[in-house]
Amino acid sequence: MTQVVEMYTDGACKGNPGPGGWGALLRCNGSEKEMFGGERTTTNNRMELLAVIEGLDALVRPCQVVVYTDSQYVKNGITEWIHNWKKRGWLTAAKEPVKNADLWRRLDESAGRHQVEWRWVKGHSGHEFNERADGLANRGVDSVM
């Protein structure tokens, strides 16, 4: 795993639930790839998760990946909460089903194919690549409206 990919991801939703979009910007060795998509009825959290899943799944071979997300939900979920969810059979500490378990399972599988470092970046704070990911997510929303 010698290639290091920087991945900036974001999700957007017009209403929650409502039409939503996801965006991912992948950067490696001076090259960039922009990706986006959307769903007619979804939530912001689902789009945040899908952005990372789609970005990781676009990588054709195992890579070192630094994922930048402005979603504490995604970062904390994949680095902290998921371990106990799996131990409890995808139940929360309150014995309730984990929300978005289908996407958490997919993210766990997708991330498992790579060496991933998770970094949180403050959203809407002028960070160039996070702003681009936000723009891609909004293009995803527009694509389904």
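1. Let me start with the pairing of strand S1 (residues 4-13) and strand S4 (residues 64-69): the two run parallel and share 6 bridges. Here strands (E, at least two residues) and helices (H or I, at least four) are DSSP runs, numbered from the N terminus, and two strands pair if DSSP finds at least two bridges between them. Val-5 has Val-65 as its bridge partner in S4. S1 also pairs with S2, this time in the antiparallel sense and over 8 bridges; Cys-13 stands opposite Gly-20 there.

2. A word on the basis of these remarks. This is a predicted model, with local features needing pLDDT of at least 70 and side-chain atom pairs counting only at pLDDT 80 or more, while totals for chains, interfaces and linings use all residues. Residues are numbered from 1 along each chain as its sequence is written, and side-chain values use heavy atoms, with hydrogens and water left out.

3. How well covered is strand S1? Of its 10 residues, 8 are buried, so the strand is mostly covered. Buried means under 20% relative accessible area, exposed means over 50%, and partly exposed lies in between (1.4 Å probe, protein chains only).

4. The turn from S1 to S2 deserves a look. The hairpin has 4 residues between its strands, and Gly-15 takes a positive phi near 95°. A cis peptide bond joins Asn-16 and Pro-17, with omega at about 15°, and Pro-17 lies in the loop between S1 and S2. As background, most residues other than glycine have a negative phi, and most peptide bonds are trans.

5. Phi of Lys-95 is near 65°, a positive value in a residue other than glycine. Asn-100 is found in the loop between H2 and H3 too, and its phi is likewise positive, near 65°. Are these residues buried or exposed? Lys-95 is exposed, with a relative accessible area of 56%, whereas Asn-100 counts as buried at 16%.

6. Now the largest pocket, which holds about 230 Å³ of space. On a 1 Å grid over the protein atoms alone, a pocket is an open set of points where a 1.4 Å probe fits, with protein on both sides within 12 Å along at least five of seven lines; lining residues have an atom within 4 Å of a point. Grid points are joined across faces, edges and corners, and the volume is the space filled by probe spheres set on the points. The lining has 13 residues, and Val-5, Leu-26, Cys-28, Ala-58 and Leu-59 lie nearest the centre. Strand S2 (18-28) and strand S3 (31-42) are the elements that give two or more residues to this lining. By class, the lining divides into 7 nonpolar, 2 polar and 4 charged residues (Ala, Val, Leu, Ile, Met, Phe, Trp, Tyr, Cys and Pro count as nonpolar, Asp, Glu, Lys and Arg as charged, and the others, Gly among them, as polar).

7. Salt bridges come next: the count is 11, taking a side-chain nitrogen of Lys or Arg within 4 Å of a carboxyl oxygen of Asp or Glu. One of them joins Arg-132 and Glu-34 at 3.0 Å, N to O. This pair links distant parts of the chain, with Arg-132 in helix H4 (residues 128-144) and Glu-34 in strand S3, 98 residues apart. Glu-34 also forms a salt bridge with Arg-139, the closest N and O atoms being 3.9 Å apart; here the partners are 105 residues apart, with Arg-139 in helix H4.

8. Leu-103, in helix H3 (residues 101-112), has a relative accessible area of 4%. Not counting residues up to four places away in sequence, Leu-103 touches Arg-46, Leu-49, Leu-50 and Ile-53, where contact means heavy atoms within 4.5 Å. Gly-140 lies in helix H4 and counts as buried at 0% relative accessibility. With the same exclusion of residues up to four places away, Gly-140 touches Gly-20, Gly-21, Phe-36, Gly-37 and Gly-38.
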